[in-house]
Amino acid sequence: MFGATFKLIDTSKRVTATADKAAFKNFAHAAARISKDARASIENAPGPSLPGSPPHTHRGSFLRRGIRFAADKQGAVIGPMASVVGEAGSAHEFGGEFKGNDFPERPFMGPALDQNLDRFAGEWQGSIGE
């Protein structure tokens, strides 16, 4: 006859907590980098920028200051705050009417995301354990 005993240790809560912590760290880092790149793409310059290129700012760092991010373990939200820039951010990013003027697309958030996609895809590898 053969006998065996074993002890089972449940570490699922530890694994879940570690995964949540890594997810928050990665989302927050990605959101911070994307918002930084979006801010950097907006130039102080007279006149409008060319359609298809990031917008110019004429009031110092008005549009740049409005770009914020919030992250948690499930994802991140990044973009210009309506309370700071109103609908101007949307009119520039997607084109459209703002204060009676028709704006062509001058995206700044989409290109910032695109330029960081490859970089952050690799950051998830190895973020939990070895």
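The chain of this predicted model holds 5 helices and 6 strands (DSSP runs numbered from the N terminus, with H or I over at least four residues for helices and E over at least two for strands). From the N terminus on, these elements follow the order α-β-β-α-β-β-α-α-β-β-α. The radius of gyration, taken over C-alpha atoms, is 22 Å, well over the 14 Å given by the globule rule for 130 residues, so the chain is more spread out than a compact globule; the rule is 2.2 Å times the number of residues to the power 0.38. Along the principal axes, the C-alpha atoms fill a box of roughly 90 × 25 × 25 Å.

Residues are numbered from 1 along each chain as its sequence is written. Local features need pLDDT of at least 70 and side-chain atom pairs count only at pLDDT 80 or more, while totals for chains, interfaces and linings use all residues, and side-chain values use heavy atoms, with hydrogens and water left out.

Of the 130 residues, 26% count as buried (under 20% relative accessible area with a 1.4 Å probe, protein chains only; exposed means over 50%, and partly exposed lies in between). Residues 24 or more positions apart account for 52% of the contacts with a separation of 6 or more, a contact being heavy atoms within 4.5 Å.

A pocket here is an open set of points on a 1 Å grid over the protein atoms alone, where a 1.4 Å probe fits, with protein on both sides within 12 Å along at least five of seven lines; lining residues have an atom within 4 Å of a point. The volume is the space filled by probe spheres set on the points, which are joined across faces, edges and corners. Its lining has 17 residues, with His58, Phe62, Ala88, His92 and Phe98 nearest the centre. Strand 2 (56-57), helix 2 (62-66), helix 4 (88-94) and strand 6 (101-103) each give two or more residues to this lining.

The second largest pocket holds about 180 Å³ of space. Among its 12 lining residues, Phe27, Ala30, Ile34, Leu113 and Phe120 are the closest to the centre. Helix 1 supplies the largest share of this lining, 5 residues.

Finally, Ile78 is found in strand 4 and is partly exposed, at 26% relative accessible area. Leaving aside neighbours within four places in sequence, Ile78 is in contact with Ala31, Ile34, Ser35, Arg68, Phe69 and Met109.
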